[in-house]
Amino acid sequence: MQAPPITPGGDPALTPEPPIEPLGEIRSPRQIRRARRRVAISRFWKEYRKSKMGMAGLIILLFFVGVAIFAIFASDDGTNPSLITDQPVGAPPSLEFPFGTDGLGLSVLTLVIEGAKISLLVGLTASVITMVIGTLVGIVAGYRAGFTDTFLMRFTDFALVVPWLALAIVLAAILGPSLVTIIMVIGLTSWPGTARLVRAQVLSVRERPYVERARALGGGDWHMISRHVLPNVTPVILANTVLVVAIAILSETALSFLGLGDPFAVSWGGILEEAFTTGATTLGWWWWIAAPGICIVLVVLSFTMIGFALDEIINPKLRDR
Amino acid sequence: MSQTETSATPPVAPEPETVIEVRDVRVTFQGRVGVFEGLRGKKGTQSRAVDGVSFELRRGEVMALAGESGCGKTTTARAIMGLQPIEGGEILYEGKPLPRDLKPYRREVQMIFQDPTGTLNPRQTIYEIIAEGLRIHGIDRGPNGEPEEQLVARALSRAGLRPPENFFLRYPHELSGGQRQRVVIAGALVLEPQVIVADEPVSNLDASVRGEILQLLMKLREDLGLTIIIVTHDLGLAWTVADRVAIMYLGRIVEIGPAERVLMHAEHPYTKALLDVVPEAGGLDRPILTGEPPDPTRIPQGCRFHPRCPVVETGRAAELGIEARCRGEDLALRELAPEHEAACYEAFIRHGDRGAATV
Amino acid sequence: MSDILTLDDVRITYHTSGGGVPAVRGVDMAVAKGEVVGLAGESGCGKSTIAAAILRLLPPKTKVEGTILLEGENVLEMKPGRLRAVRWTGASIVFQGAMHALNPVKRVGDQIAEAITVHQQAGEKEARVRVGSLLEQVGLPTRRMKDYPHELSGGQKQRVMIAMALACSPSLVIADEPTTALDVMVQAQVLRLMKELQRDLGLSMIFITHDLSVLVETSDRLAIMYAGKIVEEGPAELVFHSPQHPYTEALAAAFPEIGDDRFRGKPMGLGGDPPDPAHVPSGCSFHPRCPKAFEDCPTVEPDLYPAGELRRAACLLVPAAKERTGAGA
């Protein structure tokens, strides 16, 4: 029996899409890595663009990030009541003051812009703490299994059970109300959720045949974790991060609103706190509450929408519904 | 093992070199018990997956380790690879026991897995999958100074994926089943091992594709002088590619010898039953063993095959006066013909042995 | 009509996000009363699709064209009520991986009885009696009906699936890879059981598998599928031992007979892979891998030409092909 020449994939008509790089050139490993990364990113972006929800969320988020960046460089005099003395107090929205003014005569628009900076920054920082602790604990527990796993998981359970509000109040009492307090509270109470998620993913990846193959090749623990576990856990972490940031921002709002934040820092929660204590509701100064409120809703919504899109990409089965 | 008889006249082939020796290896899996039962002293059920297996793997040969599921063949293979810790016996590579740090050993003995799809990390390109072995062992240049890409390309070529550069940036899901298995093989070859342990290398592949992969393995044995041990449940595969065949049952080897002998002149009733049952035109009127595949947590007394053995069932064992021994006395492999060993009292008698079993 | 089942120019196209995928591209087949037809092929050839199509068990958006006559009635035109009645009483299926089709929280006896009562074949008490006799027929002791699936071994679960398939006394049983996941010994037991049952009950059967050697033992006739079409068909022994289509030859070579020296040291296989149903090669779909391909093969798509007594093969090398198409070496 004369066998036909063995070509990859058989008939040329069956060959998968043409290779991205020109043929015939052997590239260095670094070039290959870079090329591959470029390809992966562009593929991801193409997929992401398909999701209308994801794009909408991204646009909204980028808008607010832009506002926050603007706030970093712009002067914050507009939020200093000792400097602003000639603006009307409690003025409804108008051309001059699109969001009206607050109880001290400060433009709510200016306040909201400044607030974007603080709220987003706090949210981001707290999320970083959450993700780092959560991922570390999750990976160690999931990979090591046995006693380490049990120990870490019980510790996680304990952290999970701690009521964050009570912790916030206690910490505020000890350390004084400030943004750092808020960041710490959020970070220390959110990491268990991430840890559990990461651990579950690590457990599942650990059992996969390609991990055993790496072991058969001679790979040690570090190789397994960095080369196989982490890359397969990262998508889950990414999707989770998005949610974590959203919750962090919300939590900051809540804690600031309750007066546990820095009374001198202007965050959206802080604005709301001012508004309530000044009695904006009875005075009918709805713009003072609506402006920061809507911003919070929009930002959290944007994160949720992005999270949705990411979920669909990571789990393609969700797409064809 | 047989001793080569040195005689004056015909030049005898040198005693084949033993690459891997498995000596009385035992692997037991412990069942789990609940916390309270454990406190009461109850132990989990013990599954004696590998219960005293000994054999030698000779350089350059293709050996088939065959049997049904649960017989311990995969566990034995994994023990040889060092992926499965053993409770008893030892494994010797080139005469020396396996060291504690298995990393250097892994350059010599590599594995091919059953499921080509699961074995490849979907996030790694083919290049990275092949290069992984090199990077783990810190090999950035070949013996003649070749750069990494060349080593990867060479491995892919040897595994039949040509031109290799076409595959560097591909992902596993873009390849067919047969190609994926070739990638797995290339990944093993890149370390230039001496021995390949193949666990059901083709059973997950489409039937028409299997022949090619087997051809590849045989070619690699020819060209690179590899020693290959294939774990399989398919005796037809053993017939096609193996030099020697070992049949396993309930954690022991019950018959071992050259493929022609074991597959065409089987001595052990279990081997005979397995051969009878291979489907082929002839109808289903052949004798089929009753009962389910056996349970390694409840290994029978005496010859572990006796509850299902046709020799016992048909009364032949009683006729020969060996029934008591079949039921009560455990037995070891004995050489019945040059290179051909089996563990069966009835076979012993047929080959003229009477009296107590030795070894 | 002595044929239990007739398939006439059946074409099945799956609906996916990437467009339509033609899994079956024109199949004609018939199963006579009391006959066992083996349907062989590898992944992507369409055999399981046909099995599901016979009882209209394909996903909702799948396009099915052609005619499927089950005991004279066109399955594709049945109203839902009639379809439900016919499912299991006219024809039943033993699925691939059937062992996982059992509900783990229900006793097996109850599950078999459910098949009976749902089709109003009997009341509860009667159903139980019938379950007992079914279990006996498949070689299991009646007391096993009280067991849960996890208490049974693989082979025993498969017997339960067979009992379930027989529960409503169908005329046709479709077995889709019924023994693939089982050990050789258990597989032989189950195959022998199925053969006996088929004989005793006069069942018609379609036996689907990729393992050609199993089919030779169990089937009267054999049909080989490739890329959504039947490429060869005829009496089982003849097709296996003197194939007319190069693919059949190659497939048969993948199951060598022990003792046959032609195979000793010479594993035989084909280059390439079974084609993706979404990208079927032009002309004869087998041509990229065919050792006997010649210049007409990529352009001319062969029909099933007569290739002997009651045999057909879709290959341009078949003598009848040359007459019909003028092509051929």
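This is a predicted model: local features need pLDDT of at least 70, side-chain atom pairs count only at pLDDT 80 or more; totals for chains, interfaces and linings use all residues.

Residues are numbered from 1 along each chain as its sequence is written, chains are lettered from A in the order in which they are written, and side-chain values use heavy atoms, with hydrogens and water left out.

**Where chain B meets chain C**
- On chain B, 48 residues are in contact with 45 residues of chain C (contact means heavy atoms within 4.5 Å).
- The two chains bury about 3,600 Å² between them, 57% of it on carbon and sulfur atoms (buried area is the accessible area, 1.4 Å probe, lost on being put together, summed over both parts).
- The rule finds one salt bridge across this interface (a side-chain nitrogen of Lys or Arg within 4 Å of a carboxyl oxygen of Asp or Glu).
- C:Arg264 and B:Glu260 meet through their side chains in a salt bridge, at 2.9 Å from N to O.

**The sheet in chain C**
- Four strands form an open sheet in the order S2-S1-S4-S5 (chain C), with antiparallel pairing (strands are DSSP E runs of at least two residues, and two of them pair if DSSP finds at least two bridges between them).
- Strands S2 (19-32) and S5 (73-74) of chain C are at the edges with a single partner strand each, so one side of each has no neighbour in the sheet.
- S5(C) pairs with strand S4 (residues 63-70) of chain C over two bridges, in the antiparallel sense.
- C:Leu70 sits opposite C:Glu73 in S5(C).
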